[in-house]
There are 2 protein chains.
Amino acid sequence: MSSDDDSPLDTVRAQVESEIPDDLNVSRVTYEGPELVIYTETPRKFAEREGLIGTLASTVRKRITVRPAAGTQASPAEAKPQILDLIPEDAGITNLQFYPTTGEVLIEAEKPGLVIGRRASTLREITQKVGWTPEVLRTPPMESSTVDNVRNFLIEERDERREFLERVGDQIHREPTHDTEWVRVTTLGCCREVGRASFILSTPETRILIDCGDKPGAEGEVPYLQIPEANPIPDLDAVVLTHAHLDHSALLPLLFKYGYDGPVYTTQATRDLMGLLQLDYLDVAAKEGRTPPYESAMVRKELKHTITVDYGNVTDIAPDIKLTFHNAGHILGSAVAHFHVGEGFHNVVFSGDVHYTDTRLFNGASNDFPRVETLIMESTYGRRNDYQTDQEDSERKLIQLINDTYEQDGTVVIPAFAVGRSQELMLVLEEAMREGKLPTMPIYLDGMIREATAIHTAYPEFLRDGLRQRILHDDENPFLADQFQQVDGGQEMREDIAGGEPCIILSTSGMVTGGPIMSWLELLGGDPKNTLVFVGYQAQGTLGRRIQSGRREIPFSDRGSRSEQLTLRFDVESVSGFSGHADRNGLEKFVETMHPRPEEILCVHGDESSTDQLSSGLYQKFDVRTYAPKNMETFRFD
Amino acid sequence: MSSDDDSPLDTVRAQVESEIPDDLNVSRVTYEGPELVIYTETPRKFAEREGLIGTLASTVRKRITVRPAAGTQASPAEAKPQILDLIPEDAGITNLQFYPTTGEVLIEAEKPGLVIGRRASTLREITQKVGWTPEVLRTPPMESSTVDNVRNFLIEERDERREFLERVGDQIHREPTHDTEWVRVTTLGCCREVGRASFILSTPETRILIDCGDKPGAEGEVPYLQIPEANPIPDLDAVVLTHAHLDHSALLPLLFKYGYDGPVYTTQATRDLMGLLQLDYLDVAAKEGRTPPYESAMVRKELKHTITVDYGNVTDIAPDIKLTFHNAGHILGSAVAHFHVGEGFHNVVFSGDVHYTDTRLFNGASNDFPRVETLIMESTYGRRNDYQTDQEDSERKLIQLINDTYEQDGTVVIPAFAVGRSQELMLVLEEAMREGKLPTMPIYLDGMIREATAIHTAYPEFLRDGLRQRILHDDENPFLADQFQQVDGGQEMREDIAGGEPCIILSTSGMVTGGPIMSWLELLGGDPKNTLVFVGYQAQGTLGRRIQSGRREIPFSDRGSRSEQLTLRFDVESVSGFSGHADRNGLEKFVETMHPRPEEILCVHGDESSTDQLSSGLYQKFDVRTYAPKNMETFRFD
């Protein structure tokens, strides 16, 4: 409180006090994670001043939340009817919860836009009336147990989480003790290979881990977390997750087992999806008799430590590092992560997995940044000849394959990632049936596809503009079409389906490394009238890749101790245009149109031939320095 | 002792026992550093068997020392006259010392060859007669306080040192706990710059630091010892020093201040030279009012932890790493360090500083290895046009310059490294005067040049073949010629010399960064009849480089608080052929003739233009992968 103590927080408090009118009271200022929280005894007056928080936020260059000091708001019993009165009936409120310790009221609604009001006018009115600070969440149009579980868990942990956020806030806004004289990037995985994405970004002041995935088809090969650059794990300043796929997220909870106790930054959609996929990852490991590297308690710990960041929000995550997420176009919530280091010292962009052009689900990846010197870029389809057909052509080809199979009374099986490709295909198939290009037949969803789809509907902000409208405003949610049926009757139901009428089956896992797709191969693989269609990337070492490359004899050892051989007799086809990854052309375009052009590019996340060929291709085409690093290397940028 | 305990040491003991005849007793087997020590109650019988130790050594693939078990040898009083009786008078014994704890007798002699005898016959006779194990050292033909001090210190610390060596021996021969699946090299300094040479070589099992130098002209810029790859410092398995120059050795004692307690591997000559130069480094820092980063006690600690290794001896320094030193041709004791990792997994060579062709002092650098995949190579003269004139031409030019200066009644001042260039020049000048190409005039040696020269005569094994003969066998030691005079009368003597007859002055420091050369500039620089001749590399940021580049106004602030300006009016010349570094041609030849050809080369230890141009030159010429790393980068090799 004394003016001669000028800690960073005191400085900000003084700034806040000098900016606001005299009749507004500030009782306490604190950080919660990257956000500045102002407690006030005059919350209603704060709410009256439209634009004040915005001005304040741009002065102190932080996101700001204003909360009522204890005792200044109406009692929940008084406040509840007043709030309900202010919000239009159409909003469809499904939950209203008061948190007296922070003076916040959580409002879950089917149409959150109606709760917020034009330019947040309804929110302001609520505070003016009852003194509580409203926080709004969307009730998913399709019920999702994941979204429910995550939200309920975070609600339970709300108080502990606030303590955590205050601790992180102090960490982020500490007085730096080093000059930013260098930036380093260390590769812990996914170099000259697909899988186990993981990097360390470090400066003299800060160490950040980006992604921590597994390697499909090689479960023992995890990121090189043991090397010195990654240690000690508990001292990491932050963990950043670009998207939820397991080759980026599977081993993130392991960090908490190793004693990490800091924040995980990701988007809201990725938070829920990663929870879903990680718990399934544990489940699959248990079913296959492997010892999972961590327990589900670590997933909960991770969720509790997750701080969500929206696309485009510049967020302080350390004294010398600002993080901004941009749409990556790959899956729901997927992000390109931009790191601004020092005060204009250096900018590093991690592409994560990207799709350059628009798809049915998502807008194409963003590549417009204030500055970028170094780009760490995925290379999945980085080889000279890795050109995918147009999505239009691919759709035509897929529809043709389905029609052909249907005519010979067969069933089409499509291995698909639960998250991403399945929803894209659902949109294609629903439209084709609606427009009569395909006969209407059942489309069975096996594995977590339905649940993942529900999560998409909970976060429509991440979807492509037109689709968002259809899901939310026009009540013509394509994902709810009748032909989509969940396989929820176990093996018996699968046998019925296999023995029944022609249909389409979308089943996990996408690379045929386990999961219900194994049953489908067994049930349908022996009959030449059926067709297997690959629509996504098949990593080296996976069964999917082997089948795609022509292998037809498959060992089956997952039922009891018998080891059988299965001979595939159905047609095996690949349709390339549905990948969530940019093809070689898209990768080049991503760099070509990037603003500004980076000075050096590290090509990662691709087989050795892909990273090599992309690296030399980009060098020749754009005259930038390029590298195809190995795992466990450290590059310095300055 | 029990046979069911099969520790690595037990295995070796069993091997030894099965190899030797039954009448030889083995009372104890232990490691001292990389060496296997066998204690026996029958030392005389061991000595009778010529060739036995050699056979044993090649079976267990270790160097072996046999020592008498306590109580089996004659008393020192009895033994001494018998030993003296066995050694020819000509050997010139100067010291004979008995160590009852280890049963060793140290024999210092002017002609150690006569003590050893043909194929070590005299040594064996000594043991047969008295039961003691002799250890032989050369008494330097020129008295050297450094050699004396180092030897006396090590003699004092002999018992403590044995404990240290046993501890290191256990460490080296521990059961490895990791597979050798990767090798990494981290750059801590001397990348895109000259100075602060330092690297980490690491495997999953082992971490080794190579060199730890300062940066001439930028005393604050030390190796990046704080980065994770180098830490924790006390856990390093070994430190390896390629040669004694301060840009490789100055900060090595700092490691002991940071808690390092393990071995330093280097050659015998380098051990003594580094001690000399490091103590001088502390001295200079104190004189210039800087706080040295460590105290002289740390130099003693370092010496106590030094294990010397001869050229060509394959030495275990960790469970998965063997070190072999090879002649580097740069200065006395300088080595190319070859690391064999794993059982044939990978081989890394650190060139250190190299001179490719023969010089008067040294044979050219060795580049013949059993295997080498990765080469870390110096690039001091790596630019496209960095060609030095032939040494013959250079000598002619130098002699001309001296004659010209002499004719105009002037004096020639040559800034020179105490170690290396000075001795080379002494040989040139002595010959020229002997052959009448130069008038005989005094050659004054200022700074540590005389002491460094004496160390050269203590280790003639490191010198070029013909020179070794002259120093040792023919009693025509060129370094003892009359015209060489030590400047031992301080500033007064310098003033007398400067005011007297024409002469030649060799003075440290070699890059004009301090030391007596500063006085010589002041005393002689103002008079156009004198000449300053640079004969060695002048690093960026040094006063030497600035003068070489044309600067003639020099600030002088080292006398009291006055800050004066000195204007140089004498001629400034450079003669390039005397450098201790290979020129661009030599560097290329070093790679071209290297057997086998490395697969990848990291170009280090040179200004940015030098490392860049050498890197692209070697790539184009030899089609190997080449890099010009930055400091603080980590490369993986496998």
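Okay, a quick definition before anything else: a residue is buried if 20 or more other C-beta atoms lie within 10 Å of its own. Hold on to that cut-off, and keep in mind that what you see above is a predicted model.

So, where does that matter? Take A:Arg192. It has 20 C-beta neighbours inside 10 Å, so A:Arg192 counts as buried. Now look at its backbone: phi is positive, about 55 degrees, although the residue is not a glycine. As for where to find A:Arg192, go to the loop between strand E7 (183–189) and strand E8 (198–202) of chain A.

Over in chain B, have a look at B:Arg192. This one, not a glycine either, has a positive phi of about 55 degrees. B:Arg192 is in the loop between strand E7 (183–189) and strand E8 (198–202) of chain B. And is it buried or exposed? With 20 other C-beta atoms within 10 Å, B:Arg192 is buried.

In chain A, the bond from A:His595 to A:Pro596 is cis, and its omega is near -10 degrees. You'll find A:Pro596 in the loop that runs between helix H20 (584–592) and strand E26 (600–604) of chain A. In chain B, look at the step from B:Thr508 to B:Ser509: that peptide bond is cis, with omega near 0 degrees. B:Ser509 sits in the loop between strand E21 (504–507) and helix H18 (517–524) of chain B.

How many helices and strands does chain A have? The tally is 21 helices and 28 strands. Its radius of gyration is 26 Å, close to the 26 Å that the globule rule gives for 638 residues, so chain A is as compact as a globular protein of that length. Along the principal axes, the C-alpha trace of chain A spans about 80 × 55 × 45 Å. Of the 638 residues in chain A, 52% count as buried. On contacts: if you take those in chain A between residues at least 6 apart in sequence, 74% join residues at least 24 apart.

There's one annotation I want to flag. UniProt, in an unreviewed entry, lists residues 99–170 of chain A as "domain: K Homology". In the model, that span is 56% helix and 18% strand, and its end C-alpha atoms lie 23 Å apart.

Next, a sheet in chain B. It's an open one with three strands, in the order E4-E5-E6, and the pairing is mixed. Strand E4 (93–99) and strand E6 (133–138) of chain B are at the edges with a single partner strand each, so one side of each is left without a neighbour in the sheet. On average, neighbouring strands here are turned by 15 degrees against each other, direction ignored. E4(B) pairs with strand E5 (residues 104–109) of chain B in the antiparallel sense, over six bridges. If you want one bridge to click on, B:Phe98 has B:Val105 in E5(B) as its partner.

Last stop, the place where the chains touch. The contact takes 12 residues from chain B and 12 residues from chain A. Which element gives the largest share of the chain B side? That's strand E28 (residues 634–637) of chain B, with three residues. Sorted by class, the side of chain B that touches chain A has four nonpolar, three polar and five charged residues.

That's my tour, thanks.

Definitions and conventions:
Residues numbered from 1 in each chain as written. Chains lettered and ligands numbered in written order. Predicted model: local features only at pLDDT ≥ 70, side-chain atom pairs only at ≥ 80, totals over all residues. Pairing = 2+ DSSP bridges. Helix = DSSP H or I, 4+ residues; strand = E, 2+ residues; numbered from the N terminus. Axes fitted to C-alpha atoms, helices over the stretch in contact; angles between N-to-C directions. UniProt positions renumbered as here; feature names shortened; annotations may be inferred. Rg over C-alpha atoms; globule rule 2.2 N^0.38 Å. Buried ≥ 20, exposed ≤ 12 C-beta atoms within 10 Å, placed from the backbone. Contact = placed C-beta atoms within 7 Å. Nonpolar A, V, L, I, M, F, W, Y, C, P; charged D, E, K, R; others polar.
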